[in-house]
Amino acid sequence: MSELKPPVAARKPIERSHHGDVFADDYEWLRDKTSDEVLDYLRAENSYTEARTAHLESLREAIFSEISGRTLQTDLSVPARRGGFWYYSRTVEGQQYAISCRVKVAGDEPPATDGEIAGEEVLLDGNELAGDSEFFSLGTVDVSPDGRLLAYSVDLIGDERFTLRIKDLDSGELLPDELPSVHYGSAWSADGSTIFYSKVDDAWRPFQVWRHTLGQAGDVLVMEEPDERFWIGVDLTRNGQAIQISIGSKLTSEAWLLDANDPAGDPVLVAARREGVEYDVEHAGDQLLIVHNADASNFSLATAPLDSPGDWTTLIEGDESSRLLGVDAFAEHVILYRRRDALTELAIMRRTGDSFGSPEALTFDEPIYTVSPSRNDEWHDTRYRFGYTSLVTPGTTYDVDVVTGERRKLKQQPVLGGVDLSSYTQYREWATAPDGTQVPISLVARKDVAKDGNAPVVLYGYGSYESSMDPWFSIPRLSLLDRGVVFAIAHVRGGGELGRHWYDEGKMLAKRNTFTDFVAAAEHLVGAGWSKPERIVAQGGSAGGLLMGAVANLAPRAFGGIVAEVPFVDALTTILDPSLPLTVIEWEEWGNPLEDPAVYEYMKSYSPYENVTAQQYPRILAITSLNDTRVFFVEPAKWVAKLRATATGDVDVLLKTEMEAGHGGRSGRYDAWREVAFTLAWELDTLGLA
């Protein structure tokens, strides 16, 4: 340990009292990001982190060079057809952001992606829009059905509040219409005269849908959701027939449809909300397809007539072996998106009139992979586009002919720099949780890494919101693998990898399963002969950061280091305060500790900040963003301050705050690569590989 001294946050106790329990919070004062004292403290932490990691500068530069050298920096996506144009994005070496483009359709096949495309029309240049801003993000990029107008929205701060503008694509000029403080997404009317958008309330909850008629002042409120548990969104159906307004909480949903040819008309309710019933609507032209859990926890598929959308007839019954995630409907076929055996699956159902054929699943050779829907805008298309990846296979775009089943590979993510992908291999293993549950683990390593009990490991986890950490390929990860590191994903409960029950068993009053599953995964890697505790670094972000904080308290000796990115480590304080962004929405995930003493007691038993104790902790790197509106910077700031004041032994805890970023960190790709290089270098240093 160097002679550098970390910043010391002042203790200013504020008492919090609920259900007879009084908690003295020494560091809640750090919440005020307008305070010079708080900002000075965060800058001091950044300076300390910079000094403590200065010896890794050359390694960081080497990793950044590896990432940039392996990435085809001037590249373009596979063009996707919509109407009379092929739409795509491209990147240019040296530029931070993508450029959105299109070209007129000149045949059935998309333009080649190995060079410049003749006749290209630039819709948006992210680099021009970003200007000198330290942050840039797009909330919507939405072309009107006739192809004449472009709606796009921009966030230059990172707080996820966007300004929406309209561009005339014929003239290239911006229309005078400008809509501030809108949320993600938008939807055009069929004639392009009207655009629908959503707004957020003071708690950053999208709660209203508005209608804006081009060239007119005085937007019209179409729908408002008063229940603070619910969010609202708007979209145009694939066939262009309806504007769909979706309302949902964590457990309950409701949908409304508005004739896209009558934007001033009244939305029609599909089915009234019922507590605990979730459903999604897909417009299938002459009928609706409804994915719902009214009669099966893993969701069923039903049909409904357009003139009586609440009358559902079961098409596919839900079962225990697969979780139905969604459907994509087209004029002559339907694609099912499912989850089975901890893997994703796509299946084709062909249409003949009103009837649907049996699902035919697409099959793949690798034992571990992820397959998912890609962009499919054309209602009458007979080809379906999907993405495929694995831990050893770069992201690949395919078209499948839904009539013949013939599959065509359109493009695979290039990996430059002489990388031999055949030198890596992937594994699926299973850990045994304390209650006997088998927890899947996906691993990737170089083939020559020995299973000798000494391999360095980065173990990644999330485990919330039914979000699945499906295997994915990563160019930055190669910088770990090439140095002998094994990368592993613990598919813990609270995610959705094994169906709805996997989620239910890792939320609310069963949340501890998420943490004990992750510890069991680490212990399995030791017991199976991969590694030893001091050679394992745990990593997770957001709700996965809560996981990191919880396992740091629960099993600090199981890990040599922990990376917590935008970590939700002060969970109880946040969920107790309904005035904070997203808190009320979160009650159906964590429980309501304000009203329920049992939930309060349970959350307090695992919330990382409250449970920091006088014990030896592993090395910890916490990364946050000042403008994050989902997990406030104050959570890791408080956590780090308490760790420093409480932990015993050699306390090695760092806090890094991005002063111009949101929940996803730095927005420019080169900036993001440098941030990844920073984290990877710290991990390698912790594993003794720096």
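Strands here are DSSP runs of E of at least two residues, and helices are DSSP runs of H or I of at least four residues, both numbered from the N terminus.

Before I continue, please note that this is a predicted model, in which local features need pLDDT of at least 70 and side-chain atom pairs count only at pLDDT 80 or more, while totals for chains, interfaces and linings use all residues. Residues are numbered from 1 along each chain as its sequence is written, and side-chain values use heavy atoms, with hydrogens and water left out.

Two strands are said to pair if DSSP finds at least two bridges between them. Within this pairing, T425 stands opposite A445 of β34. Strand β34 is also joined to β36 (residues 486-490), by 4 bridges and again antiparallel; there, S442 has I489 of β36 as its bridge partner.

Is β34 largely enclosed or open? Because 7 of its 9 residues, in the range 438-446, are buried, β34 is largely enclosed by the rest of the structure. Buried means under 20% relative accessible area, exposed means over 50%, and partly exposed lies in between, using a 1.4 Å probe and protein chains only.

Apart from its neighbours within four places in sequence, L459 is in contact (heavy atoms within 4.5 Å) with residues including A488, F518, A521, L525 and F559. In soluble globular proteins, nonpolar side chains tend to be buried together.

Helix α6 deserves a moment. Among its buried residues are F515, F518, A522 and L525. An α-helix has 3.6 residues a turn, so residues three or four places apart point the same way. The 16 residues of α6 should span 22 Å at 1.5 Å a residue, and the end C-alpha atoms are 22 Å apart, which agrees; the expected span is 1.5 Å times one less than the number of residues. Just after α6, G529 takes a positive phi of about 90 degrees.

Which residues other than glycine have a positive phi? One of them is E466, with a phi near 65 degrees. E466 lies in the loop between β35 (457-461) and α4 (478-481), and counts as buried at 16% relative accessibility. M508 is not a glycine either, and has a positive phi of about 50 degrees. The place of M508 is the loop between α5 (500-504) and α6 (512-527), where its 31% relative accessibility makes it partly exposed.

Finally, an open sheet of 4 strands has the order β20-β21-β22-β23, with antiparallel pairing. Its edge strands, β20 (279-283) and β23 (313-316), each pair on one side only. Strand β20 is joined to β21 (residues 287-292) by 5 bridges, and D280 has V291 of β21 as its bridge partner.
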